[in-house]
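Hello,

Here is the structure for your files. My notes on two parts of it follow.

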Amino acid sequence: MRAHTAETQATVTPEKALAFLKEGNQRFVNNLKYNRNLLEQVNDTKDGQWPFAIVLSCIDSRTSAELIFDQGLGDIFSTRIAGNIANEDILGSMEYACKVAGSRLVVVLGHSKCGAINGACAGVKMGNLTGLLDKVSPSIEEVKKEQPGALPSDAEFVEAVSHHNIIHTMDAILDRSEVLKELYEAGEIGIVGGYYNVETGEVEFTKTMLKS
């Protein structure tokens, strides 16, 4: 399978980009990944790149977006940070991916059994990690309202926070980036939230924001 070109990228809509990822995850789950010639893709992309999506995921070693979605060199931008939270640098990276490089879809990918979410729920304080985990606090407060009396250490509580954190990050993207908001309102990009199950390899798309 060849890498994307400027011509193929130009035919991709946000809906089509999402379909590519869904199909790729199905291949991954069924162990039917494409047989790619990676050295050929190195050659194909030596003069440029035309990724159709940017995926924001956690640094967890089990959540490589290229593998989960069975994509090759030059297919997607991959941005990773503990807890898949959004900060100024990540928003800038997304703006570059979509406004400059032509990507049509922004994906926020959370996952089950996330160490960062566990740490945030447990109130972990450690160096620079403290400020990062603080960004999960709005999601924790939402789940406390939904599950009064639940313990932050409960597995159900932590998983609920993981789901809320995906939505919170999606909201932050539109609230804090005028560039991405304008592209979204114009229908040039879509924004979706996904939840990766580390036990099955499946991605459930929990929220889809696509302008028809």
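Is strand S4 mostly covered or mostly open? S4 (residues 190–196) is mostly covered, with seven of its seven residues buried; buried means under 20% relative accessible area, exposed over 50% and partly exposed in between, with a 1.4 Å probe and protein chains only. Strands (E, at least two residues) and helices (H or I, at least four) are DSSP runs numbered from the N terminus.

This is a predicted model, in which local features need pLDDT of at least 70 and side-chain atom pairs pLDDT 80 or more, while totals for chains, interfaces and linings use all residues. Residues are numbered from 1 along each chain as its sequence is written, and side-chain values use heavy atoms, without hydrogens and water.

Gly190, Val192, Gly194 and Tyr196 point one way from S4, and Ile191, Gly193 and Tyr195 the other way. Residues on both sides are buried.

S4 pairs (at least two DSSP bridges between two strands) with strand S3 (residues 105–111) in the parallel sense, over seven bridges. Strand S5 (residues 203–209) runs antiparallel to S4 and is joined to S4 by six bridges. Tyr196 stands opposite His111, and its bridge partner in S5 is Val203. S4 and S5 form a hairpin with six residues between them, and Gly201 in the turn has a positive phi of about 85°.

Elsewhere, Leu73 lies in the loop between helix H4 (65–68) and strand S2 (76–80). Leu73 counts as partly exposed because its relative accessibility is 36%.

Regards
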